[in-house]
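Hi,

Here is the structure for you to look over. My notes follow below.

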Amino acid sequence: MAKETPSPSSSMPSVLRAYAAPIFIFVLSMFFQLFLLPRSFPTSHYDILGVKTYGSVDDVREAYDAIASKWDSNSGGRRPADFIKIQYAYELLTNLVWKRDYDVYGIDESVHIIEELEKQYAVEDFSKIKLPLLEVVSYEPEREGFMTITSQDFASKFQDSKPWLIQVYSSGSDSSAQFSTAWRRIVDLLDGVANHAMVELGDIRLVTYLAEKKTTGQVFFRKGLPSIVAFPPHCKTADCLIRFEGELSTDTVTDWFATTVLELPRVFYHTKETLVPKFLSKVPPNKVRVILFSQTGERATPSVRQAAKDYWNFASLSYVLWREEDASFWWNALEVESAPAMVIMKDPGLKPVVYHGSGNRTWFLDILEQNKQLQLPQLRSTTSMELGCDARGYSRAGFETATWYCAVLVGRQSTELNKMRETMCRVQDSLSNHDESDEASKDPSVAPAASAHKNKRLTLAWLDGEVQSKYCFFYVQSETSYDTCGTRKSPIDVPRILIIRYHRNATESANAENEKSSKWPKTVWQSEVDDVDPAAQLVVSYDGPAETPEIIKWLSKMVEDGDSKNLPFYRAKTPELVPEGAEPMRSGVPKSVKATQALLRIWNRIKDYLADPRMGPTLLLGALLSAGSVWWTRSRSIQQPVQTTQQSSSNQSDDNAEEEKKKERKREQRKRNAKGEEAPASITDNEPKDAVQILSSGSDSD
């Protein structure tokens, strides 16, 4: 039977489907080579003058003179646009600095002038064009006091761990010269926070290290000049380099540097309506509240944001924009007369501390350092040792002090606790202002407590009884302790004042150390003794009225008795103070902004590849390889069925031959059987039925 051949019309769609990918890649390569690539490589200024690329200044002048000699202002057909392009190319390529920037980095920041002049002189004679087209700029930042660095001193100046902000500029760049004022302001704002420097394009080695690179390896600046780059703290390698990609201004650069490079928290603005609900009420009770009044409404400077980060565990900062119509409100609320001003709010009920005027960074940090602690400190896991309110530690007076005291106000966060905190602040002020030289001040009801407080043997603090419930229950052991400690189960809140007497016995401590260092095995009772705190504790609760004089008398009585009487030496294991969760610091770039920046970087990378002249040949090669792969695959798929058919035919022929041999042997066997012929006997034949055994003469017999 004749083999059926498929028609060309039926095989063409399958061929097109098979070669769809190579065809698509080929079309893409042609589109890139003929349309996209020419747009990425416009006519250069050398082409306009008819000079070879990177030709010398003398070659440029000769070409310009040759063109100028042919131009006649009276002759027709000479367009002003052509003259503008030629004149612009001549002025650009005869300036050594501009020519260097154009040849090495592709910088041509004044090219927009060509289009502007073409519109201006569209219908006028080119002889009326004012020359020169470009104004020569000579920018020298050293004269303005800016620090410049070169590749020779780059490594030596990058020794400290501070972050760096670097501006890459050109001495002939008008944009760099115009940015000088903004750079001065940026440098002032970063004083004390980061180092700064400038790099001129003439230092090709260092500029190549700082600049971006195309896929072809060419150095360039995507945003032009000046270009801003930064190195974060503790890192000076190229992998850490962060590039500024926004619009150049004082605000955008400083905000980018503080947020992206330094990862500092923001300090937000509030109005008189939002200050209390959005700021004051949300600040943890252990932190000082700092309000900065601003006249301009500008962002928080990097130094302020750095202070907000450094003092995060002590203070929270906020800004308020000063308005004259709100002047009476701020005076009545905080006694602020005008802006700029700085208000520090500490314990509840205390009068805010107000500083008027704008000082420098040192003045601002000194005020924060002086006021970072609450007047009545909070007893926390991080402050217990510092305050001397820990049986495992020592007194604030020193290691040699054997007896000391800690008066603690305990309670849940409530209005009652805030009132008692205010009372305890007055108690502390009275003890601090007590003058022992005055005869009237030698009152026995005040002097012992005042003397102990002055000598740092008496500390006043407050404790959050809800957060530190175990610690609170350990000291407050009464029927109404649930009104002071633990989770609020009733609307009643009862703050309590406790005084804890700590005493270290040198003999007992020495015996304890000897027992610990002993090689003999310890009994169960000895192990329990070793587990207690080294200082003995006695606790007394105040049950009197919440009045400052009465509390001071009680404190003096407790101190006098604790110093004069031989009280029992009782040691116990005090529960650990629970580490209170710190307020989360929201710093750095938000995730949404990071995602946007990542997409922008990907898009910029795609544009770089689209401007790569190697992409067209690469796509064409890919199309050829893909077409070859498809052809090879299809060829093998066509040959495979033929080989399979041949193999099956060969196998079938072998089977038929074997079958014929078997049939032939059977026919021969039937013929022998029909003739009665027997095969000759052999040792392999079976024993006949009528066979008998004949014994030989030498065999044994019965």
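Are Asp255 and Arg305 buried or exposed? Both are buried (under 20% relative accessible area; exposed is over 50%, partly exposed in between; 1.4 Å probe, protein chains only).

Two notes on the basis. This is a predicted model: local features need pLDDT of at least 70, side-chain atom pairs count only at pLDDT 80 or more, and totals for chains, interfaces and linings use all residues. Residues are numbered from 1 along each chain as its sequence is written, and side-chain values use heavy atoms, with hydrogens and water left out.

Salt bridges

Asp255 and Arg305 form a salt bridge at 3.2 Å, N to O (a side-chain nitrogen of Lys or Arg within 4 Å of a carboxyl oxygen of Asp or Glu). Asp255 lies in helix α12 (residues 250-261) and Arg305 in helix α14, so the pair ties together parts 50 residues apart in sequence. Helices (H or I, at least four residues) and strands (E, at least two) are DSSP runs, numbered from the N terminus. The structure holds 27 salt bridges.

Strand β8

All seven residues of β8 (residues 288-294) are buried. Seven bridges join β8 to β9 (residues 315-321), in parallel (strands pair if DSSP finds at least two bridges between them). Ser294 has Leu321 as its bridge partner in β9. With β10 (residues 341-345), β8 pairs in the antiparallel sense over five bridges. There, Phe293 stands opposite Ala341.

Best wishes
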